[in-house]
Amino acid sequence: MPSSVALTVARYRPEMESEPTFQTYEFPFRKDWVVLDALNHVKDSLDGSLSFRWSCRMGVCGSCGMKVNGTPKLTCATFLSDYLPGPIRVEPLDYFPVVRDLVVDLTDFMRKLKQVKPWIIRKEEKAPGDGEYLQTPDQLDTYKQFSMCINCMLCYSACPIYGLEPSFIGPAAIALAQRYNMDSRDEGAAERLKILSEHDGIWQCTFVGECTKVCPKHVDPAGAIQQYKLTGATNWVKSLLLPWGAR
Amino acid sequence: MERITPLLWLLFSAGGTVAALLFPVHFFLTGLAFPLGWLEAPSYEFLHRLLTHLVTRLYLFILISLPLFHWAHRFRYTLYDGLQLKHLTVLIAVLCYGAALVGTAMTAYLLWDIS
Amino acid sequence: MSAEPHYTLYHPRWYRRRVSVWWWLQKRSYTGFVLRELTSVFVAFFAVVYLWQLRALTQGPEAYEQFLARLTTPLFLALDTVAFLFVLFHAITWFNLTPKAMVVRWRGKRVPDWLILGLNYAAWLVLSGAVAFVLLRE
């Protein structure tokens, strides 16, 4: 175990520079530290100007997503000891505009998430007095995996299509749309299909599969998108053959 | 173009499945085993007799046309994304799907005409 | 700090990195993805070869002999070897992706991925055997 380790961090201060630069910090190595601990140590003891987002430090809030040695990761779940001897390169997530240092702007995703209507849509809500909606464990199983998404944006940062085509609606948005489409309580699949079958919807995806690789919660957005393509195509055929059928 | 994307994707999927399941054996035989003499190539008469059956003609139609559409769809996206040729997107689409249509038409014409 | 800081009054100057045209060379998994997509070219190549064979068959025995002779030339043997490897790569990657794209539910439970994969490979074997049987029957 080395006595010290270095972190090479991307800095970007818009008031001072027009391009990002790198700054290296060296500090004592602790084998139980994650990259987030190291960043907090840098901010507390070495350079208070370093900006980054973090919150729960246990992999459920999705705030601390950054690139570690080129791969999008949750820094609260990335151990320094896996990257020895270093220096470890920490950069902001790809394909999002960098606001400052390691902070990126996520407005684009927030807008797209709203577009897919990630809530239960029903023609008629049950009154509270009528009781709960019942769901079997098998029905829960059909969408549970997609409900694990913590909106950490690692998938967007890994998706080359999102990088090349910023209007692409993206893996997490589609996975979350599927989470509600597959929910037995939901009746809004047709509404979501309209938005997602546009040019920048599911058809932009070419199944690179990087999104599933980097997802820390094993949501498998790539699988969700391919399944949705099949559903979308089947619906299209049905609407062609049975145009009078109200779905 | 947008409204037929599901159809193009279905053709791509069907073509990919046909290519994955059937091309390895056909390609191994026709491209390697027969020319290299590992196995004896079927004679002209034998193949011609096979072609008189409707089933064979349908099989060959699917074997040739669907993978062409698979290529057209996949190659179109590869050029669009890989080489960032966004400004040529209409031209690329026309060339790719057009080529697949031409190939399909030729196949249909040849299969129709067997004496 | 040597530069004099100047603050934009209302909106920070975001930095947007441009995606290089060589993006697919920057990561091994991206390069693998592009190679996978390029298998479609070799799939089309073989479809055209088969179309060519079909045409030769409709033109008569001499044309068919000419076609067979052309396939034994070193150029075509080399092309065919490379193309065959790419077609195999297509088949393997296609089967590996099928369980993710097609979720089959049987009696309420999701059919496991290894079973879908196994069924695909089984179908591959059965169909290959059937084709070989038909073509080698003489």
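The exercises below work through a predicted model, taking a helix pair, a pair of domains and a chain interface in turn.

**Exercise 1.** Determine how helix α1 and helix α2 of chain C are oriented towards each other, and which residues make their contact.

*Solution.* Begin with the geometry: helix α1 (residues 28-59) of chain C packs against helix α2 (residues 61-71) of chain C at an angle of about 150 degrees, and their axes are 6 Å apart. Angles over 145 degrees count as roughly antiparallel, and α1(C) and α2(C) are therefore roughly antiparallel to each other. The crossing in which α1(C) passes α2(C) is left-handed. Next come the residues: α1(C) contributes Trp52(C), Gln53(C), Ala56(C), Leu57(C) and Gln59(C), while α2(C) contributes Ala63(C), Tyr64(C), Gln66(C) and Phe67(C). By class, this contact has 6 nonpolar, 3 polar and no charged residues.

**Exercise 2.** Describe the two domains of chain A and the side of domain 1 that touches domain 2.

*Solution.* Chain A is divided into domain 1 (4-104) and domain 2 (107-241), whose centres, taken over C-alpha atoms, are separated by 30 Å. In their contact, 14 residues come from domain 1 of chain A and 12 residues from domain 2 of chain A. On the domain 1 side, β3 (65-68) and β4 (71-74) of chain A each supply at least two residues, and the largest share, 4 residues, belongs to β4(A). That side divides into 7 nonpolar, 4 polar and 3 charged residues.

**Exercise 3.** Work out which elements of chain B touch chain A.

*Solution.* The contact joins 8 residues of chain B with 9 residues of chain A. On the chain B side, α1 (5-33) and α3 (54-82) of chain B are the elements giving two or more residues, with the largest share, 4 residues, coming from α1(B).

Note on methods:
Residues are numbered from 1 along each chain as its sequence is written. Chains are lettered from A and ligands numbered from 1 in the order in which they are written. This is a predicted model: local features need pLDDT of at least 70, side-chain atom pairs count only at pLDDT 80 or more; totals for chains, interfaces and linings use all residues. Two residues are in contact if their C-beta atoms, placed from the backbone, lie within 7 Å. Axes are lines fitted to C-alpha atoms, for helices over the stretch in contact, and angles run from 0 to 180 degrees between N-to-C directions. Angles under 35 degrees count as roughly parallel, over 145 as roughly antiparallel, 65 to 115 as roughly perpendicular and the rest as oblique. A crossing is left-handed if the near helix is turned anticlockwise from the far one by less than a right angle, and right-handed if clockwise. Ala, Val, Leu, Ile, Met, Phe, Trp, Tyr, Cys and Pro count as nonpolar, Asp, Glu, Lys and Arg as charged, and the others, Gly among them, as polar. Domain bounds come from an automatic or database domain assignment.
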